[in-house]
Amino acid sequence: MSRISEKVTKNISKLSDDQILSYMKYLTDEIEKRDSVLEFIKEGYIEIDSSCKVLYMNEAAKSLLPVNSDAVNRKIVTTESLITDKSICSFFKKSISKKDLKSVYEFRDKSPLYGERDISISALKITQSGSYIFEIQDITFIKKIRREFSRNESLAAMTTMAAGVAHEIKNPLASMSIYVQLLAKKLDKNKSITKADAEKTINVLNEEIEKLNKMAVDFLYAVKPVNAEFTIENVNNPIQETIKLVEAELEQNGISIKTDLAVSLPNVKLDASLIQQCILNLIKNSMQAKKEAQTDLYIKVRSFLDGNSVCISVEDNGCGMTENQMVKIFEPYYTTKASGTGLGLTNIYKIIKEHGGDITVNSTVNVGTVFTISLPVPSSERYRLE
């Protein structure tokens, strides 16, 4: 409420008829100004009361939402009679039933006039009146920019990976070159070679060829697009399935595993098998983080809610990492293991990014490491966040 309105309300019994008329004219002018602004802007706005009656709707909202043209000019209209899409009506109802909840809903609209568009609806309660304002935005351009950014990010990662491959193949090629040169020198000197010399050279060549082949396979797997099949489900499901797969191996190695899984988590959009693969790889990494002569290694897997993200963390009390190692840990071909390829965490990073999420690491040398995967809660599930 403005200061003028507060002053008039407190002293209305003392005002003359002319003063009240003057105030009414002021209010009318203010409403006309507001309406002019709302009709001019490109964002759509709908005001809906607690009984789902539409109090106001600007022109932009009519072009952004699938509306029933017959209902637009009626004096009393409900969301069901105005909006032709049932899922959008359901979002309005859920937002209003959750009182002061801020919520967001996104959908793809296909219209013969505007083509295919990505639309976002945001809800916010107006405290004074008890009604709800819904802002409707065309986010097609924003989504396009995000997709382009993601493609550029993938291209940059592929460039880094290609540079890593070029660096990695130098060692096997150099070894092969040396043995071939030695063989050529012996042939040139002795005009023949022994069976033992030939076998030694062939064995080395086979080993290096196998290394090169493995590098090629790993590279192709790393750059291959993630073929994710998304479903909406609880992250606790793939966590529990992964632990079933690995608990026997952990027990055999004397490693205890603990779980702390949050209840009543909102569902997220995920490919269960890919998330299982990520959790399994992180657990395997923790198994290999055992300090020398350590007998009390444990792994703890948690699920929890953090804002608009559902998180999975894998923690261990192993050898930990330095700051320099943490900075490089997701880079292709960087590894702290003697026999590692350096692509395991790169692939996990790629899978989580395909899910629209993120993965972070926090580690201290000789204390332990925590990897945390964050997956966004889809707009269709955000009404459940209280």
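This is a predicted model: local features need pLDDT of at least 70, side-chain atom pairs count only at pLDDT 80 or more; totals for chains, interfaces and linings use all residues.

Helices (H or I, at least four residues) and strands (E, at least two) are DSSP runs, numbered from the N terminus. Counted in this way, the protein has 12 helices and 12 strands. Residues are numbered from 1 along each chain as its sequence is written.

**The whole protein**

Begin with everything selected. A residue is called buried when its relative accessible area is under 20%, exposed when it is over 50%, and partly exposed in between (1.4 Å probe, protein chains only). Of the 386 residues of the protein, 34% count as buried. A contact means heavy atoms within 4.5 Å, and among contacts between residues at least 6 apart in sequence, 61% join residues at least 24 apart.

**Stop one: Asp138**

Select Asp138, which lies in strand β5, made of residues 132-138. Is Asp138 buried, exposed or partly exposed? Its relative accessible area is 38%, and therefore Asp138 counts as partly exposed. If residues up to four places away in sequence are not counted, Asp138 touches Leu64, Arg117, Asp118 and Ile119. Next, show the side chains of Asp138 and Thr140, which make a polar contact with each other at 2.6 Å. A polar contact is a pair of N or O atoms within 3.5 Å; within protein, one atom must be able to donate a hydrogen and the other to accept it, and residues adjacent in sequence count only if both atoms are side-chain atoms.

**Stop two: Ser313**

Select Ser313, a residue of strand β10, which covers residues 309-316. Ser313 counts as buried because its relative accessibility is 3%. Leaving aside neighbours within four places in sequence, Ser313 is in contact with Lys300, Val301, Arg302, Phe304, Val370, Phe371 and Thr372.

**Stop three: helices α9 and α10**

Select residues 236-252, which form helix α9, and residues 272-287, which form helix α10; the two helices pack at an angle of about 35°, with their axes 9 Å apart. Axes here are lines fitted to C-alpha atoms, for helices over the stretch in contact, and angles run from 0 to 180 degrees between N-to-C directions. Where do the two helices meet? On the α9 side, the residues are Pro238, Ile239, Glu241, Thr242, Leu245, Val246, Glu249 and Leu250, and on the α10 side they are Ala272, Ile275, Gln276, Ile279, Leu280, Ile283, Lys284 and Met287. The residues of this contact divide into 11 nonpolar, two polar and three charged, where Ala, Val, Leu, Ile, Met, Phe, Trp, Tyr, Cys and Pro count as nonpolar, Asp, Glu, Lys and Arg as charged, and the others, Gly among them, as polar.

**Stop four: salt bridges**

Side chains of opposite charge can pair when their charged atoms come close. A salt bridge is a side-chain nitrogen of Lys or Arg within 4 Å of a carboxyl oxygen of Asp or Glu, and a search of the whole structure finds nine salt bridges.

Select Glu199 and Lys195, whose side chains meet in a salt bridge at 3.9 Å, N to O. Because they are four residues apart in helix α8 (residues 195-223), Glu199 and Lys195 are separated by about one helical turn. Glu199 is partly exposed at 40%, whereas Lys195 counts as exposed at 64%.

Move on to Glu208 and Lys211, which form a salt bridge with their closest N and O atoms 3.5 Å apart. Both lie in helix α8, three residues apart, about one turn of the helix. Glu208 is buried, with a relative accessible area of 7%, while Lys211 is partly exposed at 45%.

**Last stop: two loop residues**

Select Cys52, in the loop between β1 (44-48) and β2 (54-57). Phi of Cys52 is near 70°, a positive value in a residue other than glycine, and Cys52 is buried at 10% relative accessible area. Finally, select Ser264, in the loop between β7 (256-261) and β8 (268-270). Ser264 has a positive phi of about 60° although it is not a glycine, and at 71% relative accessibility Ser264 counts as exposed.

Notes. Side-chain values use heavy atoms; hydrogens and water are left out.
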